[in-house]
Amino acid sequence: MNVLILSCGSRNKIVQYFKKELNGKGKVFATDCSILAPALYDADQFFIVPRIDAPNYISEILSICKKFNIKAVFSLIDPEISLLAKHKDEFLAVGTIPIVSEYELVEMCFDKYAMVQILEKNGFKTIKSYIKKEEFYRDVDLGKINYPVFVKPIKGSASINISKVTSVEEIELAFKKHDQMMIQEFMDGVEYGADVYIDIISSEPVAIFTKEKVVMRAGETDKSISVKDETLFKLINDFVKTAGFKGMIDIDIFKVKDNYFISEVNPRFGGGYPHAYESGVNIPKMIIKNLQGEINESVIGQYAEGIRMMKYNEIKII
Ligand SMILES: Nc1ncnc2c1ncn2[C@@H]1O[C@H](COP(=O)(O)OP(=O)(O)O)[C@@H](O)[C@H]1O
Ligand SMILES: [Mg+2]
């Protein structure tokens with residue numbers, strides 16, 4: 001049973017975890033468009049492929065899937081997740097299962113404003129958000145929202161062009177400098193991350209690992225501590241079922257004055273997933289079980305509280 005990890009970049013741990021779980025039962029294949037992606041060299045076999053926007057990209061990946069009898073494929077970068085979801089049927093036709101949610105849902109994840117609206121429509125607590133600055137100014141005048149606020153790109157990632165803002169001038173500047181920005185109420189509280197696996201056969205959330213983000217670096221969780229709270233598990237469970245996610249996802253959540261607010265979803269392994277794995281939440285194992293045609297039992301909350309994770313650098317020489 002072979003697995004293909006697309007755009008592996010520097011996510012060496014993910015490659016290693018799959019190798020360990022497959023343990024001779026199959027191979028881990030990896031791709032990237034650069035020979036300088038260190039995770040390639042941890043795979044059993046790797047391919048340098050065109051960039052994901054190249055016209056022949058999907059056909060190249062499909063031919064790898066066919067030739068190497070790939071049972072499942074997933075990507076570690078956002079834009080490619082949409083692409084996989086869009087071409088799902090072509091992968092299924094060559095006998096490869098793309099581990100990804102439905103296309104519309106994936107697209108919604110990359111539009112933070114659409115996400116807020118879906119949350120609101122389904123009765124979840126949401127972060128007050130604006131895409132029209134005039135509407136925001138009007139609400140400031142009406143006393144419905146106050147500075148500071150948070151400004152970020154609607155389709156942003158990796159914490160690029162985000163800022164805490166305290167005045168009209170700064171809002172104007174941010175909107176002038178960048179397109180497609182949104183204004184959000186400033187969440188003055190604690191930030192959490194959830195690593196979730198939704199069984200691809202039963203569609204049930206079967207693993208939820210939650211951590212408090214202690215230090216962030218370059219948009220990624222750098223240091224975190226595992227936490228457990230039944231209220232939070234229930235919120236996540238209800239949300240992923242309502243939205244209809246499949247496979248592995250990563251959710252950003254804020255806690256402000258004892259209320260949880262879902263902020264965004266990355267429909268892939270989050271950068272902080274190693275914290276969950278090292279704490280015993282083994283999603284690769286669950287994926288492999290699904291690929292063998294078996295449904296996973298829930299392990300939600302089956303890990304210890306207070307486990308601390310610290311990231312550090314390694315090097316690869318070729
Ligand atoms: N409304 C907000 N209030 C306070 N901080 C925020 C808010 N939105 C985002 N942030 C901070 O900015 C970071 C990046 O924002 P996020 O919406 O998660 O985008 P991305 O991770 O895709 O860059 C978050 O991890 C959080 O620290
Ligand atoms: Mg985020």
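The side chains of D222 and R217 meet in a salt bridge at 3.5 Å, N to O, where a salt bridge is a side-chain nitrogen of Lys or Arg within 4 Å of a carboxyl oxygen of Asp or Glu. D222 is buried, at 8% relative accessibility; buried means under 20% relative accessible area, exposed over 50%, and partly exposed in between, with a 1.4 Å probe and protein chains only. This is a predicted model, in which local features need pLDDT of at least 70 and side-chain atom pairs count only at pLDDT 80 or more, while totals for chains, interfaces and linings use all residues. Side-chain values use heavy atoms, with hydrogens and water left out, residues are numbered from 1 along each chain as its sequence is written, and chains are lettered from A and ligands numbered from 1 in the order in which they are written.

A salt bridge also joins the side chains of E220 and K311, at 2.5 Å from N to O. E220 belongs to strand β12 (residues 220-227) and K311 to the segment after β15 (308-310), so this pair ties together parts that are 91 residues apart in sequence. Strands (E, at least two residues) and helices (H or I, at least four) are DSSP runs numbered from the N terminus. Both partners are partly exposed, E220 at 34% relative accessibility and K311 with a relative accessible area of 25%.

## Other salt bridges

The structure holds 16 salt bridges, and another of them links the side chains of E191 and K213 at 3.8 Å, N to O. Because E191 lies in strand β10 (residues 190-198) and K213 in strand β11 (residues 205-217), the pair ties together parts that are 22 residues apart in sequence. E191 is partly exposed, with a relative accessible area of 24%, whereas K213 is buried, at 12%. Elsewhere, K133, E134 and E172 are linked in a network of salt bridges.

## The magnesium ion

The magnesium ion (ligand 2) has D252 (OD) and E264 (OE) as its protein donors, lying 2.0 to 2.1 Å from it. Donors are N, O and S atoms within 2.8 Å of the metal (3.2 Å for Na, K and Ca), and sites may look incomplete because water is not among the atoms. D252 lies in strand β13 (residues 247-256) and E264 in strand β14 (residues 259-266), so the pair ties together parts that are 12 residues apart in sequence.

## Helix α1

In helix α1 (residues 12-22), the buried residues include I14, V15, F18 and L22. The helix is followed by N23, whose phi is positive, near 40 degrees.
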